[in-house]
Amino acid sequence: MDSSFPMRKIIHVDMDAFYASVEQHDNPALKGKALAVGGEHRGVVSAASYEARKFGVRSAMPSKTAKEKCPHLIFVPPRFARYKEISKKIREIFYEYTDLVEPLSLDEAYLDVTENKKGMESANQIAKEIRQKIFEQTGLTASAGISVNKFLAKVASDINKPNGQKTIHPDKIEDFLEELPVEKFYGVGKVTANKMFSLGIYKGKDLKKRSIEDLTRLFGKSGAYYYNVVRGIHHSEVKPHRIQKSVAVERTFFEDLFDEQQVDEKLQSLSEELQNRLQKNNILGRSLTLKIKYKDFSLYTRSITKEEYFSSTEQYFNTGKKLWELRPFDKPVRLLGLSLSQLNTEEKKQVSVQLKIPFKEFEDQ
(Lines give C-alpha, C1' and ligand atoms only; values in the text may rest on other atoms or scores of the structure.)
Protein backbone atom coordinates (compact mmCIF):
# COMPACT_ATOMS: atom_id res chain seq x y z
CA MET A 1 0.00 0.00 0.00
CA ASP A 2 1.13 3.55 -0.73
CA SER A 3 0.86 5.26 2.66
CA SER A 4 1.50 8.68 1.12
CA PHE A 5 -1.88 8.64 -0.63
CA PRO A 6 -5.11 9.45 1.25
CA MET A 7 -6.94 6.39 2.49
CA ARG A 8 -10.51 6.21 1.25
CA LYS A 9 -13.58 4.21 2.07
CA ILE A 10 -14.97 2.88 -1.20
CA ILE A 11 -18.06 0.71 -1.67
CA HIS A 12 -18.83 -1.15 -4.87
CA VAL A 13 -22.52 -2.11 -5.05
CA ASP A 14 -23.50 -4.73 -7.62
CA MET A 15 -27.08 -5.91 -8.09
CA ASP A 16 -27.55 -9.68 -8.21
CA ALA A 17 -28.52 -10.94 -11.69
CA PHE A 18 -30.30 -7.61 -12.11
CA TYR A 19 -32.39 -7.98 -15.29
CA ALA A 20 -33.36 -11.56 -14.50
CA SER A 21 -34.13 -10.70 -10.87
CA VAL A 22 -36.42 -7.86 -11.97
CA GLU A 23 -38.34 -10.28 -14.18
CA GLN A 24 -38.66 -12.82 -11.37
CA HIS A 25 -39.79 -10.13 -8.94
CA ASP A 26 -42.42 -8.74 -11.30
CA ASN A 27 -43.69 -12.21 -12.24
CA PRO A 28 -43.66 -14.49 -9.17
CA ALA A 29 -44.33 -17.51 -11.43
CA LEU A 30 -40.73 -17.14 -12.65
CA LYS A 31 -39.16 -17.29 -9.19
CA GLY A 32 -36.83 -20.23 -8.74
CA LYS A 33 -36.86 -20.92 -12.48
CA ALA A 34 -33.95 -21.02 -14.92
CA LEU A 35 -34.53 -17.73 -16.70
CA ALA A 36 -32.78 -15.81 -19.47
CA VAL A 37 -33.53 -12.28 -20.58
CA GLY A 38 -33.27 -12.14 -24.37
CA GLY A 39 -34.73 -13.58 -27.53
CA GLU A 40 -35.25 -17.34 -27.56
CA HIS A 41 -34.78 -17.92 -31.27
CA ARG A 42 -32.37 -15.14 -32.18
CA GLY A 43 -29.89 -12.93 -30.43
CA VAL A 44 -27.95 -13.43 -27.23
CA VAL A 45 -28.63 -13.74 -23.52
CA SER A 46 -28.68 -10.31 -21.88
CA ALA A 47 -28.87 -11.75 -18.36
CA ALA A 48 -29.33 -15.11 -16.67
CA SER A 49 -30.85 -16.00 -13.31
CA TYR A 50 -28.72 -17.87 -10.80
CA GLU A 51 -30.83 -20.96 -11.47
CA ALA A 52 -29.79 -20.76 -15.14
CA ARG A 53 -26.15 -20.06 -14.31
CA LYS A 54 -25.93 -23.45 -12.59
CA PHE A 55 -26.28 -24.96 -16.07
CA GLY A 56 -23.54 -22.76 -17.53
CA VAL A 57 -25.81 -20.11 -19.03
CA ARG A 58 -24.08 -16.71 -19.12
CA SER A 59 -24.74 -13.25 -20.47
CA ALA A 60 -23.56 -12.60 -24.05
CA MET A 61 -24.06 -16.31 -24.85
CA PRO A 62 -25.99 -17.08 -28.06
CA SER A 63 -29.55 -18.06 -27.16
CA LYS A 64 -29.19 -21.32 -29.08
CA THR A 65 -26.18 -22.33 -26.98
CA ALA A 66 -27.97 -21.36 -23.78
CA LYS A 67 -30.94 -23.56 -24.72
CA GLU A 68 -28.63 -26.48 -25.41
CA LYS A 69 -27.03 -26.13 -22.00
CA CYS A 70 -30.38 -25.72 -20.25
CA PRO A 71 -33.28 -27.21 -22.27
CA HIS A 72 -35.90 -26.01 -19.77
CA LEU A 73 -34.60 -22.44 -19.91
CA ILE A 74 -37.35 -19.80 -19.97
CA PHE A 75 -36.75 -16.74 -22.17
CA VAL A 76 -38.34 -13.36 -21.53
CA PRO A 77 -37.85 -10.24 -23.66
CA PRO A 78 -35.89 -7.38 -22.06
CA ARG A 79 -37.76 -4.38 -20.63
CA PHE A 80 -35.11 -1.70 -20.43
CA ALA A 81 -37.53 1.05 -19.40
CA ARG A 82 -38.38 -1.00 -16.31
CA TYR A 83 -34.71 -1.68 -15.51
CA LYS A 84 -33.92 2.04 -15.80
CA GLU A 85 -36.86 2.87 -13.52
CA ILE A 86 -35.56 0.59 -10.78
CA SER A 87 -31.96 1.69 -11.32
CA LYS A 88 -33.04 5.27 -10.66
CA LYS A 89 -34.59 4.25 -7.32
CA ILE A 90 -31.39 2.47 -6.35
CA ARG A 91 -29.24 5.50 -7.16
CA GLU A 92 -31.51 7.70 -5.06
CA ILE A 93 -30.64 5.45 -2.12
CA PHE A 94 -26.93 5.91 -2.85
CA TYR A 95 -27.34 9.70 -2.80
CA GLU A 96 -28.78 9.52 0.71
CA TYR A 97 -25.26 8.67 1.85
CA THR A 98 -22.92 10.46 -0.57
CA ASP A 99 -22.83 12.57 -3.71
CA LEU A 100 -19.66 10.78 -4.80
CA VAL A 101 -21.42 8.09 -6.83
CA GLU A 102 -19.92 6.72 -10.05
CA PRO A 103 -22.42 4.52 -11.94
CA LEU A 104 -20.81 1.87 -14.14
CA SER A 105 -24.09 0.60 -15.58
CA LEU A 106 -27.73 0.28 -14.54
CA ASP A 107 -26.85 -2.33 -11.94
CA GLU A 108 -23.55 -1.30 -10.36
CA ALA A 109 -21.78 1.75 -8.99
CA TYR A 110 -18.87 2.94 -6.87
CA LEU A 111 -19.53 5.08 -3.79
CA ASP A 112 -16.94 7.09 -1.87
CA VAL A 113 -18.18 7.25 1.72
CA THR A 114 -14.97 8.54 3.32
CA GLU A 115 -17.05 11.54 4.27
CA ASN A 116 -20.76 10.76 4.14
CA LYS A 117 -24.04 12.54 4.77
CA LYS A 118 -24.90 10.29 7.71
CA GLY A 119 -21.64 10.91 9.55
CA MET A 120 -21.12 7.14 9.85
CA GLU A 121 -17.62 5.80 10.51
CA SER A 122 -18.25 2.23 9.40
CA ALA A 123 -18.34 1.77 5.62
CA ASN A 124 -19.36 -1.81 6.27
CA GLN A 125 -22.47 -0.60 8.11
CA ILE A 126 -23.27 1.85 5.32
CA ALA A 127 -23.13 -0.99 2.78
CA LYS A 128 -25.44 -3.09 4.96
CA GLU A 129 -27.95 -0.25 5.23
CA ILE A 130 -27.87 0.42 1.49
CA ARG A 131 -28.43 -3.23 0.65
CA GLN A 132 -31.30 -3.43 3.13
CA LYS A 133 -32.95 -0.30 1.71
CA ILE A 134 -32.60 -1.61 -1.83
CA PHE A 135 -34.36 -4.82 -0.79
CA GLU A 136 -37.13 -2.99 1.08
CA GLN A 137 -37.83 -0.56 -1.77
CA THR A 138 -37.36 -2.82 -4.80
CA GLY A 139 -37.59 -6.40 -3.53
CA LEU A 140 -34.17 -7.09 -5.10
CA THR A 141 -30.89 -8.14 -3.53
CA ALA A 142 -27.48 -6.53 -3.99
CA SER A 143 -23.94 -7.49 -3.09
CA ALA A 144 -21.21 -5.11 -2.00
CA GLY A 145 -17.45 -4.88 -1.67
CA ILE A 146 -15.75 -2.44 0.70
CA SER A 147 -12.12 -1.38 0.83
CA VAL A 148 -9.69 1.50 0.41
CA ASN A 149 -9.85 1.81 -3.39
CA LYS A 150 -12.05 1.01 -6.36
CA PHE A 151 -10.06 -2.02 -7.51
CA LEU A 152 -10.27 -3.80 -4.16
CA ALA A 153 -13.94 -2.90 -3.68
CA LYS A 154 -14.78 -4.29 -7.12
CA VAL A 155 -12.96 -7.56 -6.44
CA ALA A 156 -14.56 -7.85 -2.99
CA SER A 157 -18.13 -7.39 -4.24
CA ASP A 158 -17.95 -10.67 -6.15
CA ILE A 159 -16.75 -12.80 -3.25
CA ASN A 160 -19.96 -13.32 -1.26
CA LYS A 161 -22.47 -13.09 -4.11
CA PRO A 162 -25.40 -13.25 -4.15
CA ASN A 163 -26.86 -11.09 -1.38
CA GLY A 164 -23.68 -10.67 0.63
CA GLN A 165 -20.77 -8.34 1.17
CA LYS A 166 -17.06 -8.52 1.80
CA THR A 167 -14.71 -6.01 3.38
CA ILE A 168 -10.99 -6.04 2.69
CA HIS A 169 -9.50 -4.27 5.70
CA PRO A 170 -6.32 -2.23 5.14
CA ASP A 171 -4.37 -4.59 7.40
CA LYS A 172 -5.45 -7.61 5.34
CA ILE A 173 -4.90 -6.27 1.81
CA GLU A 174 -1.43 -7.71 1.26
CA ASP A 175 -2.36 -11.22 2.41
CA PHE A 176 -5.64 -11.12 0.49
CA LEU A 177 -4.04 -10.13 -2.82
CA GLU A 178 -1.17 -12.60 -2.53
CA GLU A 179 -3.64 -15.51 -2.28
CA LEU A 180 -6.10 -14.18 -4.87
CA PRO A 181 -6.17 -16.22 -8.12
CA VAL A 182 -5.08 -14.00 -11.01
CA GLU A 183 -8.30 -14.68 -12.93
CA LYS A 184 -10.15 -12.97 -10.07
CA PHE A 185 -8.22 -9.73 -10.53
CA TYR A 186 -10.49 -7.08 -12.05
CA GLY A 187 -9.07 -6.30 -15.49
CA VAL A 188 -7.61 -9.76 -16.11
CA GLY A 189 -9.69 -11.43 -18.81
CA LYS A 190 -9.64 -15.03 -19.96
CA VAL A 191 -6.94 -14.53 -22.58
CA THR A 192 -4.65 -12.66 -20.20
CA ALA A 193 -5.26 -15.19 -17.44
CA ASN A 194 -4.28 -18.05 -19.75
CA LYS A 195 -1.11 -16.19 -20.70
CA MET A 196 -0.31 -15.71 -17.03
CA PHE A 197 -0.89 -19.42 -16.38
CA SER A 198 1.57 -20.28 -19.15
CA LEU A 199 4.14 -18.10 -17.35
CA GLY A 200 3.57 -19.81 -14.01
CA ILE A 201 1.54 -16.92 -12.61
CA TYR A 202 -1.45 -18.38 -10.80
CA LYS A 203 -1.90 -16.19 -7.73
CA GLY A 204 -1.13 -12.67 -6.66
CA LYS A 205 2.07 -13.79 -4.95
CA ASP A 206 3.32 -15.13 -8.29
CA LEU A 207 2.44 -11.87 -10.02
CA LYS A 208 4.15 -9.89 -7.28
CA LYS A 209 7.49 -11.57 -8.00
CA ARG A 210 7.62 -10.01 -11.46
CA SER A 211 9.30 -6.65 -11.98
CA ILE A 212 7.45 -3.75 -13.58
CA GLU A 213 9.82 -3.98 -16.55
CA ASP A 214 9.06 -7.67 -16.97
CA LEU A 215 5.29 -7.16 -16.76
CA THR A 216 5.41 -4.24 -19.20
CA ARG A 217 7.37 -6.35 -21.66
CA LEU A 218 4.86 -9.19 -21.37
CA PHE A 219 1.59 -7.23 -21.16
CA GLY A 220 2.32 -3.77 -22.59
CA LYS A 221 0.72 -0.80 -20.87
CA SER A 222 -1.32 -3.11 -18.65
CA GLY A 223 1.88 -4.36 -17.06
CA ALA A 224 2.22 -1.29 -14.82
CA TYR A 225 -1.43 -1.68 -13.77
CA TYR A 226 -0.86 -5.32 -12.74
CA TYR A 227 2.33 -4.35 -10.89
CA ASN A 228 0.47 -1.75 -8.85
CA VAL A 229 -2.85 -3.44 -8.10
CA VAL A 230 -1.21 -6.61 -6.79
CA ARG A 231 0.36 -4.28 -4.21
CA GLY A 232 -3.00 -2.70 -3.42
CA ILE A 233 -2.13 0.52 -5.27
CA HIS A 234 -4.98 2.03 -7.28
CA HIS A 235 -5.42 5.79 -7.04
CA SER A 236 -8.42 6.28 -9.33
CA GLU A 237 -11.01 8.44 -7.59
CA VAL A 238 -14.77 7.91 -7.67
CA LYS A 239 -15.89 10.20 -10.48
CA PRO A 240 -19.51 11.36 -10.11
CA HIS A 241 -19.52 12.94 -13.56
CA ARG A 242 -18.32 10.32 -16.00
CA ILE A 243 -17.71 11.46 -19.54
CA GLN A 244 -20.16 9.94 -21.99
CA LYS A 245 -17.95 8.80 -24.83
CA SER A 246 -20.56 7.46 -27.25
CA VAL A 247 -24.26 7.00 -27.90
CA ALA A 248 -25.34 3.83 -29.67
CA VAL A 249 -28.47 2.12 -30.97
CA GLU A 250 -28.62 -1.36 -32.45
CA ARG A 251 -31.12 -4.04 -33.32
CA THR A 252 -30.93 -7.84 -33.61
CA PHE A 253 -33.48 -9.11 -36.14
CA PHE A 254 -35.71 -12.15 -35.81
CA GLU A 255 -35.22 -12.78 -39.52
CA ASP A 256 -31.97 -12.08 -41.34
CA LEU A 257 -31.82 -9.09 -43.67
CA PHE A 258 -31.09 -9.95 -47.29
CA ASP A 259 -32.00 -7.02 -49.53
CA GLU A 260 -31.18 -3.31 -49.77
CA GLN A 261 -34.73 -2.15 -49.06
CA GLN A 262 -34.78 -3.95 -45.72
CA VAL A 263 -31.43 -2.45 -44.80
CA ASP A 264 -32.56 1.05 -45.78
CA GLU A 265 -35.67 0.74 -43.60
CA LYS A 266 -33.66 -0.43 -40.60
CA LEU A 267 -30.99 2.24 -41.05
CA GLN A 268 -33.69 4.91 -41.24
CA SER A 269 -35.29 3.62 -38.04
CA LEU A 270 -31.92 3.48 -36.26
CA SER A 271 -31.06 7.00 -37.44
CA GLU A 272 -34.33 8.36 -36.05
CA GLU A 273 -33.82 6.62 -32.71
CA LEU A 274 -30.23 7.87 -32.48
CA GLN A 275 -31.34 11.44 -33.18
CA ASN A 276 -34.05 11.23 -30.51
CA ARG A 277 -31.57 10.07 -27.89
CA LEU A 278 -29.08 12.77 -28.79
CA GLN A 279 -31.64 15.57 -28.79
CA LYS A 280 -32.90 14.66 -25.33
CA ASN A 281 -29.42 15.20 -23.90
CA ASN A 282 -28.21 18.00 -26.19
CA ILE A 283 -25.39 15.80 -27.49
CA LEU A 284 -23.53 16.15 -30.78
CA GLY A 285 -20.71 14.05 -32.21
CA ARG A 286 -18.25 13.96 -35.09
CA SER A 287 -17.65 10.23 -35.64
CA LEU A 288 -20.35 7.83 -36.84
CA THR A 289 -19.83 4.07 -36.75
CA LEU A 290 -21.86 1.37 -38.49
CA LYS A 291 -21.90 -2.05 -36.85
CA ILE A 292 -22.88 -5.16 -38.80
CA LYS A 293 -23.17 -8.64 -37.36
CA TYR A 294 -23.70 -11.38 -39.92
CA LYS A 295 -25.60 -14.65 -39.70
CA ASP A 296 -22.36 -16.50 -38.94
CA PHE A 297 -21.74 -14.08 -36.00
CA SER A 298 -18.79 -12.41 -37.74
CA LEU A 299 -18.64 -8.71 -36.90
CA TYR A 300 -17.76 -5.72 -39.07
CA THR A 301 -17.53 -2.05 -38.09
CA ARG A 302 -16.52 1.02 -40.05
CA SER A 303 -16.48 4.71 -39.12
CA ILE A 304 -16.47 8.15 -40.72
CA THR A 305 -15.21 11.18 -38.79
CA LYS A 306 -16.03 14.76 -39.85
CA GLU A 307 -14.61 18.10 -38.79
CA GLU A 308 -18.10 19.41 -38.02
CA TYR A 309 -20.73 17.74 -35.84
CA PHE A 310 -23.43 15.48 -37.18
CA SER A 311 -26.78 17.09 -36.41
CA SER A 312 -29.70 15.40 -38.18
CA THR A 313 -31.43 12.10 -38.86
CA GLU A 314 -30.73 12.59 -42.56
CA GLN A 315 -26.98 12.89 -41.93
CA TYR A 316 -26.92 9.72 -39.85
CA PHE A 317 -28.84 7.80 -42.48
CA ASN A 318 -26.84 9.03 -45.48
CA THR A 319 -23.52 8.40 -43.74
CA GLY A 320 -24.69 5.04 -42.47
CA LYS A 321 -25.66 4.12 -46.03
CA LYS A 322 -22.19 5.08 -47.30
CA LEU A 323 -20.61 2.90 -44.64
CA TRP A 324 -22.94 0.05 -45.60
CA GLU A 325 -21.78 0.29 -49.20
CA LEU A 326 -18.18 -0.14 -48.03
CA ARG A 327 -18.90 -3.49 -46.38
CA PRO A 328 -16.64 -6.34 -47.51
CA PHE A 329 -19.26 -9.11 -47.41
CA ASP A 330 -22.67 -9.80 -48.94
CA LYS A 331 -24.00 -12.15 -46.31
CA PRO A 332 -27.29 -12.31 -44.40
CA VAL A 333 -27.34 -9.71 -41.62
CA ARG A 334 -28.63 -10.44 -38.11
CA LEU A 335 -27.74 -7.13 -36.43
CA LEU A 336 -27.30 -3.50 -37.41
CA GLY A 337 -26.13 -0.67 -35.18
CA LEU A 338 -25.21 3.01 -35.36
CA SER A 339 -23.10 4.80 -32.78
CA LEU A 340 -21.87 8.37 -32.47
CA SER A 341 -18.59 9.25 -30.74
CA GLN A 342 -16.18 12.17 -30.37
CA LEU A 343 -19.01 13.90 -28.56
CA ASN A 344 -19.35 17.50 -27.40
CA THR A 345 -19.63 16.37 -23.79
CA GLU A 346 -17.05 17.80 -21.44
CA GLU A 347 -15.88 16.45 -18.15
CA LYS A 348 -17.04 18.44 -15.18
CA LYS A 349 -14.43 18.03 -12.53
CA GLN A 350 -15.65 17.80 -9.01
CA VAL A 351 -13.09 18.48 -6.34
CA SER A 352 -13.63 16.59 -3.15
CA VAL A 353 -11.63 16.68 0.06
CA GLN A 354 -10.99 13.14 1.26
CA LEU A 355 -9.62 12.65 4.74
CA LYS A 356 -7.55 9.80 6.03
CA ILE A 357 -9.97 8.08 8.37
CA PRO A 358 -9.18 4.67 9.86
CA PHE A 359 -11.49 1.75 9.12
CA LYS A 360 -13.42 0.58 12.16
CA GLU A 361 -15.84 -2.15 13.11
CA PHE A 362 -15.69 -4.06 9.83
CA GLU A 363 -17.23 -7.48 9.66
CA ASP A 364 -18.22 -9.50 6.65
CA GLN A 365 -21.82 -10.48 6.22
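Is Q342 buried, exposed or partly exposed? Select Q342. Q342 is partly exposed, with a relative accessible area of 37%. For these words, buried means under 20% relative accessible area, exposed means over 50%, and partly exposed lies in between, with a 1.4 Å probe and protein chains only.

Before the next stop, some ground rules. This is a predicted model, in which local features need pLDDT of at least 70 and side-chain atom pairs count only at pLDDT 80 or more, while totals for chains, interfaces and linings use all residues. Residues are numbered from 1 along each chain as its sequence is written, and side-chain values use heavy atoms, with hydrogens and water left out.

**Stop 1: strand β12**

Stay with Q342. Its place is in strand β12. Helices (H or I, at least four residues) and strands (E, at least two) are DSSP runs, numbered from the N terminus. Phi of Q342 is near 50°, a positive value in a residue other than glycine. Most residues other than glycine have a negative phi.

Now select residues 333-343, the whole of β12. This strand is mostly covered: nine of its eleven residues are buried. Two strands pair if DSSP finds at least two bridges between them. Pick A248 and look across: its bridge partner in β12 is S339.

**Stop 2: a three-stranded sheet**

Select β2, β3 and β4. They form an open sheet in the order β3-β2-β4, with mixed pairing. β3 (45-48) and β4 (74-76) stand at the edges, each with a single partner strand, so one side of each has no neighbour in the sheet. From one strand to the next, the twist averages 30°. Axes are lines fitted to C-alpha atoms, for helices over the stretch in contact, and angles run from 0 to 180 degrees between N-to-C directions.

Zoom in on β2, residues 35-38. Three bridges join β2 to β4, and the two run parallel. Which residue of β4 is the bridge partner of A36? It is F75.

Now show helix α1, residues 18-26. α1 packs on the sheet and touches β2, β3 and β4. Contact means heavy atoms within 4.5 Å. The direction of α1 makes about 110° with that of β2.

**Stop 3: a pocket beside α1**

Keep α1 on screen. The second largest pocket has a volume of about 260 Å³. Of its 15 lining residues, the closest to its centre are D16, S21, Q24, G139 and T141. Two or more residues come from each of α1 and α2 (50-53). α1 gives the most, with four residues. By class, the lining has six nonpolar, six polar and three charged residues. Ala, Val, Leu, Ile, Met, Phe, Trp, Tyr, Cys and Pro count as nonpolar, Asp, Glu, Lys and Arg as charged, and the others, Gly among them, as polar.

On a 1 Å grid over the protein atoms alone, a pocket is an open set of points with protein on both sides within 12 Å along at least five of seven lines, a cavity is a set where a 1.4 Å probe fits but cannot get out, and lining residues have an atom within 4 Å of a point. Points are joined across faces, edges and corners, and a volume is the space filled by probe spheres set on them.

**Stop 4: the cavity and M15**

The structure holds one cavity of 30 Å³ or more. About 50 Å³ of space lies in the largest cavity. Select some of its lining, including V13, M15, I90, F94 and L106. α4 gives the most to this lining, with four residues. The lining divides into six nonpolar, two polar and three charged residues.

Centre on M15, in strand β1. At 3% relative accessibility, M15 counts as buried. Beyond its neighbours within four places in sequence, M15 is in contact with I90, D107, I134, L140, T141, A142 and K161.

**Stop 5: two backbone details**

Follow that contact to K161. The peptide bond from K161 to P162 is cis, with omega near -10°. Most peptide bonds are trans. P162 lies in the loop between α6 (150-157) and β8 (165-167).

Finish at A60, in the loop between α2 and α3 (63-69). Phi of A60 is near 75°, a positive value in a residue other than glycine. At 62% relative accessibility, A60 counts as exposed.
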